[in-house]
Amino acid sequence: MQGKPTVHYFQLYGRAEPVRMALWKAGVDYTDNAITGPDWMTLKESGKLPFGQMPALELADGTFLAQGGSCLNYVGDLYP
């Protein structure tokens with residue numbers, strides 16, 4: 001994978017934490033986009049988030065994946 005993936009989630013532990021942990025364990029350099037209230041509305045209204053939900057994993061090519069479990073499966077498949 002070229003470039004760094006980005007994990008989009010609120011400034012707290014929660015549904016994105018397993019994805020963050022998997023990326024860390026795999027040694028992947030990633031960006032953690034810790035969303036705040038005003039930024040959340042901007043991102044949600046942008047139409048980039050599948051289902052308008054977080055967590056979301058943005059790949060280097062700009063593709064967004066939704067749902068924590070799906071993101072975790074993707075990371076696990078890409079970095080076994």
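Predicted model: local features only at pLDDT ≥ 70, side-chain atom pairs only at ≥ 80, totals over all residues.
Local features were taken only where pLDDT is at least 70 and side-chain atom pairs only at pLDDT 80 or more, whereas totals for chains, interfaces and linings use all residues. Residues are numbered from 1 along each chain as its sequence is written, and side-chain values rest on heavy atoms, with hydrogens and water left out.

The protein chain contains three helices and four strands, assigned as DSSP runs (H or I, at least four residues, for helices; E, at least two, for strands) and numbered from the N terminus. Their order along the sequence is β-α-β-α-β-β-α. The radius of gyration is 12 Å, close to the 12 Å given by the globule rule for 80 residues, so the chain is as compact as a globular protein of that length; the radius is taken over C-alpha atoms, and the rule is 2.2 Å times the number of residues to the power 0.38. Along the principal axes, the C-alpha atoms fill a box of roughly 35 × 25 × 20 Å. Of the 80 residues, 34% count as buried, meaning under 20% relative accessible area, with exposed meaning over 50% and partly exposed in between (1.4 Å probe, protein chains only). Among contacts (heavy atoms within 4.5 Å) with a separation of 6 or more, 52% join residues 24 or more positions apart. The accessible surface comes to about 5,000 Å², and carbon and sulfur atoms hold 53% of this area, as computed by the Shrake-Rupley method with a 1.4 Å probe.

Helix H1 spans residues 17-25, and its buried residues are Glu-17, Val-19, Arg-20, Ala-22 and Leu-23. Their cover includes E1, strand E2 (31-35), strand E3 (56-58) and helix H3 (68-78). Within H3, Val-75 has a relative accessibility of 2% and therefore counts as buried. Beyond its neighbours within four places in sequence, Val-75 is in contact with Val-19, Ala-22, Leu-23 and Leu-57. Val-75 and Met-21 are separated by 54 residues in sequence and by 10 Å in space, C-alpha to C-alpha. Just after H1, Gly-27 adopts a positive phi of about 75°.

In strand E1 (residues 6-10) lies His-8, which counts as buried because its relative accessibility is 5%. The side chain of His-8 forms a polar contact of 2.8 Å with the side chain of Asn-33; such a contact is a pair of N or O atoms within 3.5 Å, where, within protein, one must be able to donate a hydrogen and the other to accept it, and residues adjacent in sequence count only if both atoms are side-chain atoms. Leaving aside neighbours within four places in sequence, the contacts of His-8 are Asn-33, Leu-43, Met-54, Pro-55, Ala-56, Glu-58 and Phe-64.

Most residues other than glycine have a negative phi, and most peptide bonds are trans. The bond from Met-54 to Pro-55 is cis, with omega near 10°, and Pro-55 is placed in the loop between helix H2 (37-45) and E3. Phe-51 lies in the loop between H2 and E3 and has a positive phi near 65°. With a relative accessibility of 66%, Phe-51 counts as exposed. A positive phi near 70° occurs at Gln-67, in the loop between strand E4 (64-66) and H3. Gln-67 counts as partly exposed, at 36% relative accessibility.
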